[in-house]
Amino acid sequence: MNKPIRRVSIFCLVLILALMVRVNWVQGVQAEAWASNKHNDRNKYDRYAYPRGNIIAGGQPVTNSDFVNGLRYKYKRSWIDGPMYAPITGYSSQSFGTSQLEQLEDGVLAGTDSRLFFRNTLDMLTGEQKKGGDVVTTIDPKAQKAAFEGLGDKKGAAVAIDPRTGAILALVSTPSYDPGTFSGGGKEDSKAWTDLNNDPNKPMLNRALRETYPPGSTFKLITAATAFETGLYKNVDDATQTPKPFILPGTNTELKNASATEDCENATVEHGMDLSCNTVFGKMGADLGKDRLRAQAEKFGFNNGKIDTPIRAVTSVFPSNSSPDGTAMDAIGQHDTRATPLQMAMVAAAICNNGSLMQPYLIAQERSANLDVISNHTEHQLSQAVSPATAQKLQQLMESVVQNGTGTKAKINGATVGGKTGTAQHGQDNSGLPFAWFMSYAKGADGKQVAVAVVVEDGAAERNEISGGSIAAPIAKSVMEAVVNK
Amino acid sequence: MSTFDLSSNSNTEPARRRANTTITPQGTPNRRNTELVMLAFAVLVPMAAYANVGLAIDKKLPAGMLEYGLGMGALALIAHLVMRRFAPYADPLLLPLATLLNGLGLVMIWRLDKAGSLLASNYPAAANQLMWSGLGIAFFIGVMLLLKDHRILQRYTYISMVVALVLLAAPAFFPARAGDFGAKIWIHIGSFSIQPGEFAKIILTVFFAGFLMVKRDALALASRRFMGLYLPRGRDLGPIIVVWLLSILILVFETDLGSSFLFFGLFVVMLYVATERTSWIVFGLVMSIGGAAVVAMAEPHVKTRINSWLDPMAAFQDPPPPGTSEQIGQTLMSFGTGGVTGTGLGQGRSWLIQFAAKSDFILGSFGEELGLTGMMALFVLYGLIVQRGLRTAVAARDPFGKLLAVGLSSAFALQVFVVAGGVTGLIPLTGMTMPFLAQGGSSVVANWALIAILLKISDTARRPAAEPTPEPAPGAEPTRT
C-alpha cells in the first residue's frame, strides 16, 4: 500500500504548496492593491492614527489635530476660524473623507508622502512619534478676514492675488461652513454633514473657485484690451463710433445702457468705461468679432480647464460659437460668458502687473513636521496677457473708473486704485437678482500690490439697489486696504 | 526527514526484509527527549507572542502571563509524560506541532478579545478556548491510556459507521440558530453547541479503514478492464455510491460544502490507497464534480458562496447586492495590509473582518499581524503534521493502521486546504474551522484526539522488533518502497 500512500503524500504536498503560492500572491504580488483598496478602512484610521500636519496662514496654523483617543481614531481634525478658511482648507473628516487642500495635500499632512519617507524612517528608528508635515499657504490672514467680514451674511466670493507673484492672498466663499462640525465619526457629525449637503444655500460650494458667474461689465476690460491689442483703437481718448440707439447686429433689438440718460453716444473708450456704457463695448465687441475676443480672453485664462491653485478652478468660459448679436452681448460679460471670481482677479492682476499673468497659487511651501522644507513654490508666468503698453492703457481706464466713474467707493488714501464694476443680469429673461461685481487692484506707496475680485450674489432685496459699485466695491476696498496699508 | 528515521543496521531481521523496508525499528533512541525540547519551544513561542500582544496593546506584559505559560507548559508536560509511559516510540514531532498551533491560536483569540467593542458582539473567548484545549489534551491522554492498540478500533467498524451517520445527520434535525449563517453544522443544546462533523471526521475514517481493509481485494481484483480503466463490479460500486449520496445529502440538507468535499475526498483517497486502483480516483473526481455542479446550480447558499469567491468586493457596493458578505473582501484586505512582514501582533486591524474573525477567519488575523512570513510558517507547521501522519502510514505494519493513518492525515490536509483556501480566496469559502488555531471546542477536542490516534499508530509502527509484534493481519503485505 505504500506506493499509493506516497502518491497521496505528494497530493497533500501539492495542496499545501497551492496554499503557499496563494498567500504569496495575495500578500506579495497583490498586497499593495488590497492595502490601498478604497474599501480598506485601515487607510481612514491611519490618517488619524497620529497627529496630522497643519495648514498655515500668515505664520500661524489654521488647523489643529486633537488627541481624542477613540477606539478607531486616535486624532481628530479641528480648525481655527473654520468657516473663514474652509474654502482653502476644505474638510478632513473621519467619516466623510477630505476635500480642498486637506485632500490635495493629504500625503504631506498625513505624512505618507514619499518625500517624507526618509524622515519617517528616521523617526521610527529614534522612537519619535510620527507626525504629518505642514502646508504653508500664501493666505494673508488680514486680507482673508477683511474679505470674510466684508461679505458677512451676503452670498458671494472674494479673491485677492499678489499681481507680481500670483500668490493668492485671500480666498473667501460665503455662506461658509465649519468643517469641524463633521470631522468626527459620531451621530452629530452625520447630522451636520447631511444638513450642510441639503442646505439650499450650498455652504460647502467653493464659490471663489468652483462656481462661475456672468462677469457683466467687468468683462468690458477684456473687450477694451482686445481693441487696443488688435489696433481697433489706439488710445483711451479715441472716440468710439457708437450710435444711439445701438441695435444688436442681425436683429431689431436695441442694446440699452443702465440708464437712458447716459451720455454714451460716440463716447471715448475712457468715458465709456467710466460710465460702463453697454452700447460702447457691445458695439466694440461686435466690431472685433468673436474670434479675436476669445483669443484675448484665453490669454487671461478663460477656457482653460487646468487652473490649479492647486485646488482646480472650474473653467471660465468665453463662447466660440455665438452669433454676431450674441458676441456683442458676450463682450459686455452677458449671454454665454462665465467667469469664476478667481478668473476676474487674474484679469485685474495681469493688468496691474503690466500684462504679465502669473500662475495663481495657494501653497508657498511644504515642510516636514520638523520644519525641513520639502518643496517651495516657484513663481512662473501663465501668459503675457497683453503688451505692457496695453496694460498701461487699461490701468488708466481702471484708475479713471475709481476716480471719476462707477467705482468711486473703492478709493484708498495713499494708494493708486484701479477698478471696474459689474452688475450682471442672469436668469430667465434676466429675472434673477443681479450679481454685483467689483474687480480692482491697488498699488501702495511702499510697492505693495494687490488685485481683487468680489462677487455678491444677492446684495440687496431690491434689484435697483444692486450695483457692483455700491455693494461689491466697499468689500474689495477693505481687502485692498488690508494688504497695502499694513 | 531521515533524522527521525530509525536506522536499520541490525542483523536480527532477514536480509530480504531489511533491504525492502523503509523503517526497520530497532533498539535505537525513542526520541522522547527530542520531543521534550521541541515541546519547550512550542510553549515558549506562544508565550513570547502573548507577551508581544500585551506590550503592543497595553504597553505592558499581560497580567496572566505566568499562569498562562505555566498552564500551557503543565498541560504539554503531562501529555509528554503520558506518552513516555504509553506511547514511548511515537513520532516526536506531532505533539509539539499541535501544541504550538494550539498555543498560537489561543494567543490570537486573546488578541481579538482585546479588540473589545471594535468586533461586533465580541465576548472574551480565550479563557473558554483554554478550557477546551485542556479538555482536548485530556481527550488526548484518554486515547493514550485507553487505546492500547489502534487495531482495537477495527472491531468497531460498523458501529463507527452508525455513529458517524448519526453525527453527520444530527445537525439537519436540530433547529438552526441565528449566527449559524447558512451552514447547518452545529447541534445546539441549551447554551452549548457542538460541531459533530469534527468528530465524524475521525469516526468515519475508522469506518472507512475497517471496511476497506476487508473489501480491498474484492474492490481491487474483481473488475473488468475497459479503455484502460478497471471498472468495478456493480455490487462493489455500492459503497462508493452510498458515500457519494451521503456527501450530496450533507450538501443539500446542511448546505455544508466543506464537510461534503472533505468526506467524499477522504473516501476516494482511502479507496485509492486500499485498492491501488487509479480508476477509483477517476470515478471519484467525475462523481464529485458532477454532484457539486448540480448542487451548486440548485442551492442558493452554495451559489452565493461561489459568487462571493468570484467577486469578493461585490458586497462593498452601495447598496450591497442581496446575499453577499464582506467577509472575504475584508479578509483579503487583511492579508494585503499584512504584506510580507505583517503589522506585528496586536497592531493590525483584523477586527474589520467582524463576523467569525476568531473562528473561520482567524487566518486573516495571522496574515495581517504576522504577514506572509507568518502564514508560510503556519503552512509549514500544518504541512509537517500531515507529513508526519503520512510517514506513520508508510511505517505502519498493518493495513488497518496504514489506512487509518493515511485517512486521518489526508482528512487533516483536506480540511486545512479547504479552510485556508477559502479564506485566502483560492477556492469558494466553506464553513469549516482551521484545526487548532480557530476558536471552537469541538474542533480542538477532535483534533487532539486525531493526533493521539496518529501517535498510537506511530508508536506501534516504530516499536522495536525485539518486543513481540502483533501478527500481521491477513492480507497484509510487507511495506515496500
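Residues are numbered from 1 along each chain as its sequence is written, while chains are lettered from A and ligands numbered from 1 in the order in which they are written. Since the model is predicted, local features need pLDDT of at least 70 and side-chain atom pairs count only at pLDDT 80 or more, whereas totals for chains, interfaces and linings use all residues.

**Cores**

Let's start inside. A nonpolar core here is a set of buried Ala, Val, Leu, Ile, Met, Phe, Trp, Tyr and Cys residues joined through C-beta atoms within 7 Å. Buried means 20 or more other C-beta atoms within 10 Å of a residue's own, exposed means 12 or fewer, and partly exposed is in between, with C-beta atoms placed from the backbone. The largest core has 148 residues, and the members touching the most others are B:Met270, B:Val273, B:Leu403 and B:Ala449. Leaving out residues up to four places away in sequence, B:Ala449 touches B:Phe139, B:Phe140, B:Val143 and B:Ile202 (contact means C-beta atoms, placed from the backbone, within 7 Å). Another core lies apart from this one, with 122 residues that include A:Leu255, A:Met284, A:Ala286 and A:Val386.

**Helix H2 of chain B**

Helices (H or I, at least four residues) and strands (E, at least two) are DSSP runs, numbered from the N terminus. H2(B) covers residues 32-58, and its 27 residues reach 39 Å from first C-alpha to last, close to the 39 Å expected (1.5 Å times one less than the number of residues). Among its buried residues are B:Leu39, B:Pro46, B:Tyr50 and B:Gly54. Helix H3 (65-86) and helix H4 (94-113) of chain B are part of what covers the buried residues. Just past the end of H2(B), B:Lys59 has a positive phi of about 60 degrees.

Most residues other than glycine have a negative phi, and most peptide bonds are trans. Here are some exceptions from chain A:

| Site | Value |
|---|---|
| A:Thr174 to A:Pro175, cis | omega near -10 degrees |
| A:Thr309 to A:Pro310, cis | omega near 15 degrees |
| A:Asp81, positive phi | phi near 55 degrees |
| A:Leu371, positive phi | phi near 70 degrees |

A:Pro175 sits in the loop between strand S9 (168-174) and helix H9 (187-198), and A:Pro310 in the loop between helix H14 (290-299) and helix H15 (324-330). A:Asp81 is in the loop between strand S4 (75-79) and helix H4 (82-89) of chain A; it counts as partly exposed because it has 17 C-beta neighbours inside 10 Å. A:Leu371 lies in the loop between strands S13 (363-367) and S14 (373-376), and with 8 other C-beta atoms within 10 Å, A:Leu371 is exposed.

Definitions and conventions. Contact = placed C-beta atoms within 7 Å.
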